[in-house]
Amino acid sequence: MAHQIRYIMVGGFLGAGKTTMLGRLASEYTARGLNVGIITNDQATDLVDTNSLRAQGFRVGEVAGACFCCNFNELMETAKNLSDDQRPDILLAEPVGSCTDLVATVIQPIKHLFDAEFVIAPYTVILKPSHGRKVLKNEKRAGFSPKAAYILKKQLEEADAILINRIDELSTEEVDELSQLLQEHHPDVPTLKISAKTGAGFEELLELLDQPGEYGQRLLEIDYDIYAEGEAELGWLNSSLSVQSEQDFSLDTFLLEIVSQLQSRLQDLSAETAHLKVIGLW
Ligand SMILES: Nc1nc2c(ncn2[C@@H]2O[C@H](COP(=O)(O)OP(=O)(O)OP(=O)(O)O)[C@@H](O)[C@H]2O)c(=O)[nH]1
Ligand SMILES: [Mg+2]
């Protein structure tokens, strides 16, 4: 029988650092001689995340048009396609940052339906410090709607381990404050401090992800009305633009110019940007 694939799903709110972390994990596993497949997820095709991971040389399949949690069959189909030429040892999966309830809708179905093919690694959820502090402290007027905050809290609640990311930017006091807040809200859940950007904390993270055990068991009680409204609030525009020029131009400068103009126009409207990502390809 073919070997079992280790299924490593990394959750976390929009912009938490999932893709950056998966890229680093994929490099680490590849360096150990393991065969890695990655699955990304969004509402549209040709995702920024897919492009950025493929540009790093990884094998990436995407589930586009619906989130994993609503389209389990397509997730499994994509996993199968990735396995066609070479069966991966490790399958890294990134769900959409505005989704939760992934234990019930993804991990448990894998266990029930594909138990012989997959081993489930601890389900880790990344916490972005700026989001985490506001939501865990229940800050008012934090630029976070209560329904979006509900989703972030539910994501943490179903984690086997919570990863405090971006420690490269934090002081010891700031890291301690977040650890303390997590300890108060989730006393039974281990936390790790990492930087997906620099690789700090990855040795411990890799050790955690290798642990045998029964993971993905924290089933949520969830109010689907609040969840659906929160997810709708976080809905976004996917758009692409094709540009031609007679003269050479710097793509980075061009993209930065678009982003800064967007930022100042939104500031004029007193609108806070929840999430924005841009990729330039030529
Ligand atoms: N300083 C710092 N920046 C980080 C770190 N991890 C991620 N980032 C940055 O944060 C931004 C978002 O990172 P992504 O990895 O795209 O986050 P994501 O969770 O995949 O985002 P979505 O898929 O859009 O929800 C990028 O600009 C990253 O470079 C980190 O550890 N330190
Ligand atoms: Mg991503």
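Which residues coordinate the magnesium ion (ligand 2)? Keep that in mind while opening the structure, which is a predicted model.

**Stop 1: the magnesium ion.** Select ligand 2 and show the side chains around the ion. The donors are T19 through OG1, D49 through OD and E94 through OE, at 2.1 to 2.2 Å. Along the sequence these donor residues follow the spacing T-x29-D-x44-E.

**Stop 2: T19 and E94.** Colour helix α1, residues 18–31, and then the loop between β4 (90–93) and α4 (102–113). T19 sits in that helix and E94 in that loop, so the pair ties together parts that are 75 residues apart in sequence. Switch to a surface view and look for the two residues: both T19 and E94 are buried, that is, under 20% relative accessible area.

**Stop 3: the whole chain.** Along the principal axes, the C-alpha atoms fill a box of roughly 55 × 50 × 40 Å. If you display contacts between residues at least 6 apart in sequence, 78% of them join residues at least 24 apart.

Stop 4: Colour by accessibility: 46% of the 282 residues count as buried. The chain exposes about 15000 Å², with carbon and sulfur atoms supplying 48% of that area. Finally, select the charged side chains. There are 24 positive and 43 negative charges, and their mean positions are 3 Å apart.

Conventions:
Residues are numbered from 1 along each chain as its sequence is written. Chains are lettered from A and ligands numbered from 1 in the order in which they are written. This is a predicted model: local features need pLDDT of at least 70, side-chain atom pairs count only at pLDDT 80 or more; totals for chains, interfaces and linings use all residues. Side-chain values use heavy atoms; hydrogens and water are left out. Donors are N, O and S atoms within 2.8 Å of the metal (3.2 Å for Na, K and Ca); water is not among the atoms, so sites may look incomplete. Helices (H or I, at least four residues) and strands (E, at least two) are DSSP runs, numbered from the N terminus. Buried means under 20% relative accessible area, exposed over 50%, partly exposed in between (1.4 Å probe, protein chains only). Contact means heavy atoms within 4.5 Å. Accessible areas come from the Shrake-Rupley method with a 1.4 Å probe; for residues, only the protein chains shown count as cover. Lys and Arg count as positive and Asp and Glu as negative; His and the chain ends are not counted. The place of a charge is taken as NZ of Lys, CZ of Arg, CG of Asp or CD of Glu.
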